[in-house]
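Please look over the chain below.

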Amino acid sequence: MNRSSRTSQVQIALWLLLLAAASFLAVRDFHSHAAILVDSSRYVVLAQSLLRGPVYGLVDRPVPPVVSVYPFGYPLILAPLVAAFPQDFEVLRWPSLVATLLNISILFWGWRLLSKRSQWWGLAVAALYAVAPSTILQARLVLSEAVFMTFLLVTILLFELGARRQAPWWWCLLAGASSFAMVFTRTAGWPMWVGLVLYLLVRRRQRALRDLLGVAATMVALTTLVVVATTVRPIDLLPLSYMGLDDSLVKEQTGENQTSTLPHITPTTGPNDTLAPAVEQLSSDQNGSVPGRWKLLAYLGREMIRRSEDKLTRLVPAAVAPGLDSHLFSTVMRRYGLDSVAPWAGLALCLLILIGFAVWAWQDGVSAFLVIVPFYGAVLMLWTWSDVRLLYPIAPQVALAFLIAIDACIKALWRLVRRQPTPQHIGRLLAPVALVLFLVYAGIAFMYPNNRFYTRTVEERGRWLRERTSSESLLMTTLPETDYLYTGRTVVPLPEVDAETTPAELWLQLQASGADFAVVYPLHIWWRESGKSTEREFFTTGSERIAPRLLAELEKEGRVKRLPTPAEVPFQVYALSP
């Protein structure tokens, strides 16, 4: 047996070990977090709307379903499981785990199309992805990240194949199907797809036009099939829930003023991830005049720069140094007086990643695997986000750039110290670095805190509400879709309130909603068992902190009545007086 075949067998064995390691880390604490919570519950409700209609949307609301919060791709995958197991939410975790294992395999077996570097680089990237804490967490959750990455990686492979040689007849069908699945699983897939199309046009120029027309025709055909055969409407194909910025700009240009006397208590039905709040804040100055277009653009520019600081010093570095974005890390830094040093360390890691991307592009050239990064990165810079999981779609690229940067630093250090060309064996020093990163990632994933206490509170709250409310009751809750799935009751969202909101203003919203009960509770409760001790950390947003105080004031006025709830479960229920 020659050396190349022996090495190949070793790599295959290591790939199988990666699958086993990822499966073990994910399954050993598979139910550590609630299957149905916030985004997960919305996906399930959307899947139910695909099965039972009447239209695609949040059918848990008393009014006609609002425009969909998310595209139909992931709910369409969940729909068969929801139909087969309508009351078993735990089975909905499995698509994420299967997709995670597929992603590891695609990174390994498709590496020759993803990169010009050796298969060992592909194995290292697959290894870091396989045991990263974010990967293991997403493998346990009912979220679209892992499934989206599967479609994204397949689309990248097909576009790279089409860029390297004349595409066979079946390429248009497969590339169109994977592109369709990618862009309608997550809206962020659209800018990535645009990047892949431009890459193919640059590589093959006019010869790519016919193939791209075939891809577009396939996407249109599949989209038409979904619209005809399901409850999805043409309007659901548009990412309307992400167009808050556009609405604000329309108001600014038409001169509309915000005349509402109820600040920040409009119920929301979609993700609040754009710069819309910032634009709305600027929609009128103290005198009520509308600012000019240039003033608005300047303000948006300043906002983007200000909001980029946290991304570049905390969130992006956390993609390669898990824990930098955690509450524990911030607490430790403050305890030892290093809270001012942490952002600089994070910025250094971010610069190292950027250097890795630059070296990657310089040494290997542009590829489909690389070209999606600036397109997705531009979207992230325009968006407001505070969760490192939004970097999940480009996690393998970030890992590769980090390894390339470390490799470049090792070689540069050798040349600086020895003042001679870098010998070939120096490059092998990257292997122990990758191994250390692998072990650190796996260790963090193994010790990742569970959230079982919160899962029990969600189940207990649902049980309590089912027993003490009628099937016709309308609940106003912090997490409407979650409580709908656990109670079967029609729901409306709790209004957003702030420190300036008065009890009278909240009462107007309660009356307008027609709700019978208002249910408030902390949004997240992390819980970890350590021997006999139990650590609980309560994380609540402004509405969850302020709404109970306002409701307590309304109770004193005799407008609402608080019902007795279990002391060990942190939630409050108020019956609204007629």
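The structure holds zero disulfides. The model is a predicted one. Cys172 has a relative accessible area of 14%, so it is buried, the cut-off being under 20%. Cys409 has 40% and is therefore partly exposed, a class that lies between 20% and 50%.

## Confidence

The mean pLDDT of the chain is 81. A score of at least 70 is reached by 79% of the residues. Among the elements, helix α4 (residues 94-109) has the highest mean pLDDT, 96. The lowest, 37, belongs to helix α12 (residues 244-254).

| Stretch with pLDDT under 50 | Contacts beyond four places in sequence |
|---|---|
| residues 1-5 | two contacts |
| residues 244-280 | 73 contacts |

Where pLDDT is low, the predicted coordinates should not be read in detail. That caution bears on the 73 contacts modelled for residues 244-280, where pLDDT stays under 50.

## Arg93

Where does Arg93 sit? Its place is in the loop between α3 (73-84) and α4. Arg93 has 1% relative accessibility, so it counts as buried, with the limit at 20%. Its side chain reaches the backbone oxygen of Phe30 at 3.3 Å. Leaving aside residues up to four places away in sequence, Arg93 touches Phe30, His31, His33, Ala34 and Ala35, and also Ala139, Arg140 and Val142.

Strand β1 covers residues 474-477. Leu474 and Met476 point one way from the strand, while Leu475 and Thr477 point the other way. All four are buried. In a regular strand the side chains alternate between the two faces of the sheet.

Which strands does β1 pair with? One is β2 (residues 490-493), joined to β1 by four bridges. These two strands run parallel. Leu475 has Val491 in β2 as its bridge partner. Between the two strands, the chain passes through helix α21 (residues 480-487), and this β-α-β crossover is right-handed.

Strand β3 (residues 517-520) is also joined to β1, by three bridges. This pair runs parallel as well. Here Met476 stands opposite Ala518.

How values were computed. Residues are numbered from 1 along each chain as its sequence is written. This is a predicted model: local features need pLDDT of at least 70, side-chain atom pairs count only at pLDDT 80 or more; totals for chains, interfaces and linings use all residues. Side-chain values use heavy atoms; hydrogens and water are left out. Buried means under 20% relative accessible area, exposed over 50%, partly exposed in between (1.4 Å probe, protein chains only). Two strands pair if DSSP finds at least two bridges between them. A crossover is right-handed if, with the strands pointing away from the viewer, the path from the first strand over the helix to the second runs clockwise. A disulfide is a pair of cysteine sulfur atoms within 2.5 Å. pLDDT is the predictor's confidence in each residue, from 0 to 100. Contact means heavy atoms within 4.5 Å. A polar contact is a pair of N or O atoms within 3.5 Å; within protein, one must be able to donate a hydrogen and the other to accept it, and residues adjacent in sequence count only if both atoms are side-chain atoms.
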